[in-house]
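Have a look at it first, and then we'll take the labels in turn.

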Amino acid sequence: METSYELFNGTSYYDAGQLSENLSDNDNVGGPLECKQEINSDGLFNFIICGVLVNLIGVFGIFGNAISMIILSRPQMKSSINYLLIGLARCDTMLIVISMLIYGLPAIYPYTGLLFDYKFIVYPKIVRFLYPLSCIAQIATVYLTLTVTLERYIAVCHPLKARSFCTYGRAQLAVLIIVVFSLIYNLPKFWEIVTYTEVHWKYNVTVYCLYPAELRRNDLYVTLYVHWMYFFICYLFPFLALVVFNAAIYLRVRKANRDLQQLSRHQRREIGLATMLLCVVIVFLICNILPLASNIHETFLNDPPLWLVQTGNLLVTINSSINFIIYVIFGRKFKRIFLKLFCSSKLFGPGRDSPEFQTYDESIVTNTTNIELRNSIRHYHLNRSSTIGRNNNISNGSTRQSMKASGRPGSPGPCVYYPATSPATSPSQISRTSSTRNNQNGWSKKDIDSVL
């Protein structure tokens, strides 16, 4: 998000000298002022961009990111890349909510006159905390996107190293480091804003307005920290890294598409995932072009125009809200689980991607194995019975009768067929009888175990 007081209360964020003069002398202004700003000076444009579009897109983004987090948290989706995407969705959701609170809702009042209490009482008290949190979420979003790109670069371009580098534990550690770094880097922003009070010209009530704190009015602080460090850390370094890594991923994906028939199933899945995340990064770069231009304008020239700042904030909100659509379009497994959870009446039934569900290939392998096992045991019984018959060692006549009646070979013991027992037979007698029959037929417990 752009750090501009133009979006806080209409007062130029960086023109602290002019604001200080306005606080003491308003004789040069021809009409009434609200927090030292002309009434409705940019009401319509600000209302359309922030009051309407930011709020509507933000609501959609909150629901989309919530659905993404639910799907990516499923047991069958557990992986290092999905953990990073969950962290990205959380930071995006935090950024959207704060964007609506400090940009969307306050933009409704200047044009419509609604939400007066929020604009002049609630908002000035909470924005001094929400603004640093929005900067934390923005830095975390940028570097989580870079981490996702780095993970895909290793998995696609260096697959032999992926097993050791792209692990769930390393993904958790990366998210923790990014969050801690974002928090430490943006700590000074908690002391950049102060409030003052004035009496509203129309309603004759005390309202609260924002004013740059002494730290924010320090030229050295603004030049080094606000301008240059922000430009290098939030834009220049991550953007260059994203371009380099994604160019390498694109070349590898393009080569893999030419040799698609030679790829294994796992490699095809990795290439498909890389293609989806490549789209995520492309959308990220496109939506951050205007904020980058605004930051360059501010760093090397002067304060950027208001329309550029507001449009850039709208694009940042769009970027935080659109990943869900990309997952549904390009993520086949994501789309299957989404349709199963939210577009099916059987909400908790086993689906294709549930852990207890067997895929078509797995069922074929399992059924084939079971059939082969039964056939091998049956052939073993037939060969064993024929060998015993030729040597005249069969002493149990009831076994022959059961073979003639059923057309099946005699049972070697109670492990394959379970003959019925008379009511008068006790369990101990059954055990002794079974062991005697096994010994008579040349079977031992070791033989039965070896067959099964």
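Q: What makes α3 and α7 roughly parallel to each other?
A: Keep in mind that this is a predicted model. The axes of α3 (residues 80-104) and α7 (residues 168-185) cross at roughly 20 degrees. Angles under 35 degrees count as roughly parallel, so α3 and α7 get that label. Their axes come within 8 Å.

Q: Which residues make the contact between α3 and α7?
A: On the α3 side you'll find Ser80, Tyr83 and Leu84. On the α7 side there are Tyr168, Ala171, Gln172 and Val175. Sorted by class, that contact has 5 nonpolar residues, 2 polar ones and no charged ones.

Q: Which hand does the crossing of α3 and α7 have, left or right?
A: α3 passes α7 in a right-handed crossing.

Q: How do you know that Cys35 and Cys209 are joined by a disulfide?
A: Look at the sulfur atoms: S to S is 1.7 Å for Cys35 and Cys209. The cut-off is 2.5 Å, so this pair falls within it and counts as a disulfide. By this rule the count for the protein comes to 1 disulfide.

Q: Why is the disulfide of Cys35 and Cys209 called left-handed?
A: Check the torsion about the S-S bond. It is about -75 degrees, so the disulfide is left-handed.

Q: What parts of the chain does the pair link?
A: Distant ones! Cys35 sits in the loop between α1 (16-24) and α2 (43-72), while Cys209 belongs to strand β2 (residues 206-212). The two cysteines are 174 residues apart.

Q: Are Cys35 and Cys209 buried or exposed?
A: Buried means under 20% relative accessible area. Cys35 has 2%, so Cys35 is buried. Cys209 has 1%, so Cys209 is buried too. Cys50 also gets the label, with 0%.

Q: What makes the phi of Leu115 worth a look?
A: Most residues other than glycine have a negative phi. Leu115 isn't a glycine, yet its phi is positive, near 60 degrees. You'll find Leu115 in the loop between α4 (109-112) and α5 (116-157). With 38% relative accessibility, Leu115 lies between the 20% and 50% cut-offs, so Leu115 counts as partly exposed.

Q: Why does Asn204 count as exposed?
A: Exposed means over 50%, and Asn204 has 62% relative accessibility, so Asn204 passes that mark. Its place is the loop between β1 (193-199) and β2. Asn204 also has a positive phi, near 55 degrees, in a residue other than glycine.

Q: How do you know that Thr149 counts as buried?
A: Thr149, in helix α5, has 2% relative accessibility, so with the cut-off at 20% Thr149 is buried.

Q: Which residues is Thr149 in contact with, leaving aside neighbours within four places in sequence?
A: Its contacts are Leu242, Phe245, Asn246, Ile249 and Val281. To count, heavy atoms must be within 4.5 Å.

Q: How many helices and strands does the protein have?
A: The secondary structure comes to 17 helices and 2 strands. The protein has 452 residues, and 43% of them count as buried. Take the contacts with a separation of 6 or more: 75% of those are between residues 24 or more positions apart.

Note on methods. Residues numbered from 1 in each chain as written. Predicted model: local features only at pLDDT ≥ 70, side-chain atom pairs only at ≥ 80, totals over all residues. Heavy atoms only, no water. Axes fitted to C-alpha atoms, helices over the stretch in contact; angles between N-to-C directions. Helix = DSSP H or I, 4+ residues; strand = E, 2+ residues; numbered from the N terminus. Parallel < 35°, antiparallel > 145°, perpendicular 65-115°, else oblique. Left-handed = near helix turned anticlockwise from the far one by under 90°. Nonpolar A, V, L, I, M, F, W, Y, C, P; charged D, E, K, R; others polar. Buried < 20%, exposed > 50% of the residue type's maximum accessible area, 1.4 Å probe, protein only.
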